[in-house]
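Grab a pencil and work through the exercises below. Each one has a task, then a solution that goes step by step.

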Amino acid sequence: MNPASASASASASAIGTVMLDSLPYIDREFDTASGTVLRQRADELIADEMSRLRRSGEATSERMERYLADAGVAPLPERPSFGGSAFLCGLYEHIANGERIHDVDLRRYELPAPDDDASVEAWQAAVDNARAQLQHQHNRLMNLELAKKHTPDVLRRLNELSEAFNRSLKHDLDVLDSDVSDLNRKRS
């Protein structure tokens, strides 16, 4: 905590208001010999703030809710909505339940070779699998090349259409504004 925020917190606590101040970094000033005074002052401010939070008979969550409400901080929602995304809601539930999220399954990209004593059919299946994967990779490369060739023109056209739509909306707004102005002039 730097001296300016320490004095601001001290003056805020002196007048009875709560000032939330958080630092997303570690102060290196505390590591020096002259930093011991700053560390002691910071520890005193933390102890003072924590003592204001302690009340008998109140659960920790209740204390924090009261503290944040007194500071004017809105409470967090019980469960975020994620804009209605079922995927993100499901992912949130997995994480909230402490379940491990599975890594991307890369088995479909593997080319397992049959055992040494495998039959001709097993080797033929492995070769067919390799050919199919090679064809999929070829299709992906073709799609990337087509996207590289045609995407700029498509995006340029999309921008032109968006600008034309924007101009149309702006014109409609100007017409409505003039109609409203004319109506207000007639009324007065």
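Accessible areas here come from the Shrake-Rupley method with a 1.4 Å probe. With that in hand, the accessible surface of the protein chain comes to about 15800 Å², and carbon and sulfur atoms own 58% of it. Keep in mind throughout that this is a predicted model.

**Exercise 1. Get the overall layout**

Task: Work out how many helices and strands the protein chain has, and in what order the elements run.

Step 1. Count the elements: the protein chain has five helices and zero strands.

Step 2. Walk along from the N terminus, and the order reads α-α-α-α-α.

Step 3. Check how much is tucked away. Of the 188 residues in the protein chain, 10% are buried.

Step 4. Look at the contacts between residues at least 6 apart in sequence: 34% of them join residues at least 24 apart.

**Exercise 2. Track down salt bridges**

Task: Find out how many salt bridges the whole structure holds, then look at three of them.

Step 1. Recall the idea: side chains of opposite charge can pair when their charged atoms come close.

Step 2. Get the count. A search of the whole structure turns up seven salt bridges.

Step 3. Take Arg-41 and Glu-44, whose side chains meet in a salt bridge at 3.5 Å, N to O. Both residues sit in helix H2 (residues 35-53), three residues apart, which is about one turn of the helix. Arg-41 is partly exposed at 32% relative accessibility, and Glu-44 is partly exposed at 49%.

Step 4. Move on to Asp-103, which forms a salt bridge with Arg-100; their closest N and O atoms are 3.5 Å apart. Asp-103 is exposed because its relative accessible area is 59%, and the cut-off for exposed is over 50%. Arg-100 also counts as exposed, at 59%.

Step 5. Finish in helix H5, where Asp-182 and Arg-185 lie three residues apart, about one turn of the helix. Their side chains meet in a salt bridge at 3.1 Å, N to O. Asp-182 is partly exposed at 33% relative accessibility, whereas Arg-185 is exposed at 57%.

**Exercise 3. Get to know Phe-82**

Task: Say where Phe-82 is found, what its phi looks like, and which residue it pairs with.

Step 1. Phe-82 is in the loop between helix H3 (60-70) and H4, and at 33% relative accessibility it is partly exposed.

Step 2. Check the backbone. Most residues other than glycine have a negative phi. Phe-82 isn't a glycine, yet it has a positive phi of about 55°.

Step 3. A search of the whole structure finds one aromatic pair. The pair is Phe-82 with Tyr-92, and it is tilted: 5.6 Å centre to centre, with 55° between the planes. Phe-82 lies in the loop between H3 and H4 and Tyr-92 in helix H4, so the pair ties together parts that are 10 residues apart in sequence. Tyr-92 is partly exposed, at 28% relative accessibility.

Step 4. Phe-82, Phe-87 and Leu-88 make a nonpolar surface patch of about 300 Å². Leu-88 belongs to helix H4 (residues 86-96), and it is partly exposed with a relative accessible area of 36%.

**Exercise 4. Buried or exposed?**

Task: Decide whether Gln-133 is buried or exposed, and name the residues it touches.

Step 1. Find the residue: Gln-133 is in helix H5.

Step 2. Apply the cut-off. Buried means under 20% relative accessible area. Gln-133 has 16%, so it is buried.

Step 3. List the neighbours. Leaving out residues up to four places away in sequence, Gln-133 touches Arg-108, Tyr-109, Glu-110 and Leu-111.

Terms used. Residues numbered from 1 in each chain as written. Predicted model: local features only at pLDDT ≥ 70, side-chain atom pairs only at ≥ 80, totals over all residues. Heavy atoms only, no water. Patch = residues over 30% accessible without salt bridge, like charges linked within 9 Å, V, L, I, M, F, W, Y side chains within 5 Å. Salt bridge = Lys/Arg side-chain N within 4 Å of Asp/Glu carboxyl O. Helix = DSSP H or I, 4+ residues; strand = E, 2+ residues; numbered from the N terminus. Buried < 20%, exposed > 50% of the residue type's maximum accessible area, 1.4 Å probe, protein only. Contact = heavy atoms within 4.5 Å. Phe/Tyr/Trp six-rings, centres within 6.5 Å; stacked < 30°, edge-to-face > 60°.
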